[in-house]
Amino acid sequence: SSHAFVEVFMSKVSIACIALLNGKILVAHRNPTGQMGGRWEFPGGKVEPGETDKEAVVREINEEFGINVEVGEKIAEASFIHNEENVLLHAYRIFVPHDGIEKKYILTEHTEYNWIPIEVVAKLNFVDSDLLLYPKVKSYVLEELKK
């Protein structure tokens, strides 16, 4: 029905970014304010009107970490309801220019970041929406590590 189409069209899109380096995945700890404050997440954010997913990935990571990334393939997606709106969450593989260890990333929305084995995500106080992506992201990462 046309009604269903309108609902999908009204969905907000958010992006989650999956950076892999030396067999580990990048996670970031959110500032302690606001909804989901103080939790760990895959870096990312909202896609603005008129922006493609990939443009949003580049912009968000630049704003939040001060680096320019290359965007790879979409590796997972999920949807959830947030404040009575349907949100589509798309996870993209990203390629970072450096690991942020010797030369620190410049954080604007997070208190810290870490490179961890994918299995450790399940043990952290992770943002609910990102956990919806976790099974698919985990299988993707494990496949990548075999290569």
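Arg39 is partly exposed, with 22% relative accessible area. The model shown in these views is predicted. Its salt bridges number 11.

**View 1. Arg39 pairs with Asp128.** A salt bridge joins the two side chains, with 2.6 Å between the closest N and O atoms. Arg39 sits in the loop between β2 (24-30) and β3 (40-41), and Asp128 belongs to helix α3 (residues 128-146), so the contact ties together parts 89 residues apart in sequence. Asp128 is partly exposed too, at 41% relative accessibility. The cut-off for buried is under 20% relative accessible area, and Arg39, at 22%, counts as partly exposed.

**View 2. Glu48 meets Arg59.** The N to O distance in this salt bridge is 4.0 Å. The rule asks for a nitrogen within 4 Å of a carboxyl oxygen. Glu48 lies in the loop between β4 (44-46) and α2 (53-65), while Arg59 is in helix α2. The two residues are 11 apart, and the pair links distant parts of the chain. Glu48 is partly exposed, with a relative accessibility of 40%.

**View 3. A network of salt bridges around Arg59.**

**View 4. Lys74 and Glu77 form a salt bridge.** The closest N and O atoms of this pair are 3.2 Å apart. Both partners are partly exposed: Glu77 has 43% relative accessibility, and Lys74 has a relative accessible area of 37%.

Terms used:
Residues numbered from 1 in each chain as written. Predicted model: local features only at pLDDT ≥ 70, side-chain atom pairs only at ≥ 80, totals over all residues. Heavy atoms only, no water. Helix = DSSP H or I, 4+ residues; strand = E, 2+ residues; numbered from the N terminus. Buried < 20%, exposed > 50% of the residue type's maximum accessible area, 1.4 Å probe, protein only.
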